[in-house]
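Here's a quick walk through this protein model, from the big picture down to a couple of spots. Have a look at it first, then read on.

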Amino acid sequence: MILNYKLSRENKELCRLEHNEKICYCLPLDIDIDGIYRNNSFTVITQKRIIILEEGTVTKTYELADCELVQSEPQIACGILYVVRQGMEEYVGRFSAKHLTRYSYISRGCKLLGQERQERVISTEYESTCPKCGRGLPGTKNCPKCGGKKEGFWVSFMDMLSTHKMRLFIIIIFMFAATIVTLAGPAVLRYLVDDVLIADKSNYKKAIICLILMFLMGFGIMFINSIKSYLCIKLGSIIGADLRKKLYNKIQMLSLSFINERSPGELINRVVQDTNRVKDFMGDTFCNMFTIIIIFTCDVIYMLILNWKMACIAFAFVPLAVGLSFSFRKNIRSRFHMQRAKSDKVNSNLQDVISGMAVVKSYGQEKRESDFFNKAAEDYARVERGNEIFFALLYPLLSFLLGVGIYLITYFGGVSTIKGNMTPGELLQYISYTSLLYTYVGWITNMPRMFMNMVTSVERINDVMNQEPRIFDVEDAQTHQIDGEIEFRHASFGYKSYQPVLEDINLKIHKGEMIGLVGASGTGKSTMINLIMHLYEVDDGMILIDGINIRDIKLENYHSQIGVVLQETFLFSGTILNNLLFAKPEASLEEIIYATKMANAHDFICKMQDGYNTYVGEHGYNLSGGERQRIAIARAILNQPKILILDEATASLDTESEYLIQKALLRLTKGRTTFAIAHRLSTLKDANRIVVIDGHKIAEVGSHNELVEKKGIYYGLVNAQLRMQKKAD
């Protein structure tokens, strides 16, 4: 990420830097207080000061040591920078929205500089750089500025082919064989006409031999093309399957933040449709592409050798047709990108509605959702229809241009034949070669459409493949048997770096403690859970597990020692047994039964007709909410986790189900470090400590009784729930 914008020598001199004082950050302050854009204003930050340069003048200077806080804040289409000194907020300046992330980064940097902390742990969100322009790339290798890529189309395409060299070699042999047989046909035709039918009319034997030879060549080209097509289709299927596997595995590796940023329909399209288009290209276009290029090249050379004057007439239309076709290359590319985007929208809308059909029907919104889907489908059809009309007009025009060339060759060749400069056989041979030339030119002019279709799919696949996981095993990551002690040390995090959800969190949890997390919606309770599960990296500070930085523990090893029960219970389509084994595939039947008994699930499972082999359906909708939740609890404890996370585990349940689950949880939390979020505060009375989060920070910490006696935020929440309960009764 570019943080140090270039300052002129005059502006540097205005800063009056002291001895050994260096500029750490420099960013444009490109909007004035009236909202007018300006070019020559900057925020300059050194190890000691914040210096504001406005139109060649130093207007403000702040000593970092005097600043209690340096903060950037998003506004409508812009952001503001302010500092807090002696408890008072002071407006510093305004900047455009494109600099929001940069200013949030330097805000954290100012805090570290001001506190003179040596260890700097700042987001690596922009650590990639574009090879063309050097610009920082947000979690991807595709540059939004210049389009530069660390892995271009040709690199990825050749990489796809590199593992299939022997198959390619065999295909190329068949391509050359097809070239030889195709070009030999007109030569045999010329011999038949000139040397047999005209010069030696009574030699039926030669005529029959020529006809048999032409038949064999026709059969040979059919046989060669069939084998070549089979090999290319097989190669395309293998490459398509490989791409599908790689893409799926890559999506599995990528961070949750990336998955949440993309719609399910879009990702499904890339795994299924885009890989299919690559497969189809390899099986169809690639199969003919090099054969046609080889035949085309040999055809041109042979036509020049036979009659260069006639060749010039034939070639006159080739640059026009090819140039016209390739002039629309970028237009064709953008058309396919637009078509894919509309297709993604249709699939995403369909996937959302089918997944949420119960909600749609409950609110009687079938008509509304149908209208949304119809609009998306119409937009897709409109773009697709426009593309097909474009190609339907372009290619007949190209065919007409090439047809004119055939007429001219026939005319001038006929004149030469009448004058005795060409034989009838040579004329037929030349017309045959010209027809071949124009046929393949027509195919080549159609190739940008087929090629760009495939290029678009490869680029969409690369868009995913080039993503770097934001959560990954660092070099020398270690396996660690978790004991259960967790510490947040100056931890800050925001899903968008300029909008922090948690700020400067300091909390130490001892082994076996049960911690309740309380606070209003949006304060960061679930975010804190996500950080403990290492689904996201902290932007600043660190999280320690038994004194080890969470980043230094192997992800698979760490996650295998965590049990999670969420409010929205997710069960996979399959049997109860398969869902339980998801946590520990090698678990024995005794371990499974023990876990289900601990979760108060064994009895109701046994009462089902198929017991543990009962099919639960999509998302487990064949079961009640309480049954799903108890299976989820059994799944969470099957692996005997050291850390147990309960996110609203008893929400939205009836009294009996909640009672059974509470009994199960009481047994499960003993001896395990447990984090629990609960909307019913009474369920957290047995927690060792309750952490109240307010204003993105920890506001209160203590046991239930201690916090009630304190009469702070927690006390207010408890009283509010008691009043609501009395009204309900």
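## Surface and overall build

The protein chain exposes about 37400 Å², and carbon and sulfur atoms supply 57% of that area. Keep in mind that this is a predicted model. Of the chain's 729 residues, 46% count as buried.

As for the fold, you'll find 23 helices and 19 strands in the protein chain. Among contacts with a separation of 6 or more, 68% are between residues 24 or more positions apart.

## How confident is the prediction?

The average pLDDT for the protein chain is 79, with 87% of the residues scoring at least 70. One stretch to flag is residues 116–150, where pLDDT stays under 50. For that stretch, the model has 75 contacts beyond four places in sequence.

## A greasy patch on the outside

Look at the surface around Y204, I208, I212, F215, L216, F219, M222 and F223: together they form a nonpolar patch with about 900 Å² of accessible area. One of them, M222, sits in helix α5, which covers residues 204–253. Is M222 buried, exposed or partly exposed? Its relative accessible area is 42%, so M222 is partly exposed.

## A tucked-away histidine

Now over to H704, which belongs to helix α22 (residues 704–710). Its relative accessibility is 13%, so H704 counts as buried, the cut-off being under 20%.

Which residues does H704 touch, not counting those up to four places away in sequence? They are K685, I690, Y714 and V718.

Definitions and conventions
Residues numbered from 1 in each chain as written. Predicted model: local features only at pLDDT ≥ 70, side-chain atom pairs only at ≥ 80, totals over all residues. Heavy atoms only, no water. Patch = residues over 30% accessible without salt bridge, like charges linked within 9 Å, V, L, I, M, F, W, Y side chains within 5 Å. Areas by Shrake-Rupley, 256 points an atom, 1.4 Å probe, with all protein chains shown as cover. Salt bridge = Lys/Arg side-chain N within 4 Å of Asp/Glu carboxyl O. Helix = DSSP H or I, 4+ residues; strand = E, 2+ residues; numbered from the N terminus. Buried < 20%, exposed > 50% of the residue type's maximum accessible area, 1.4 Å probe, protein only. Contact = heavy atoms within 4.5 Å. pLDDT = per-residue confidence, 0-100.
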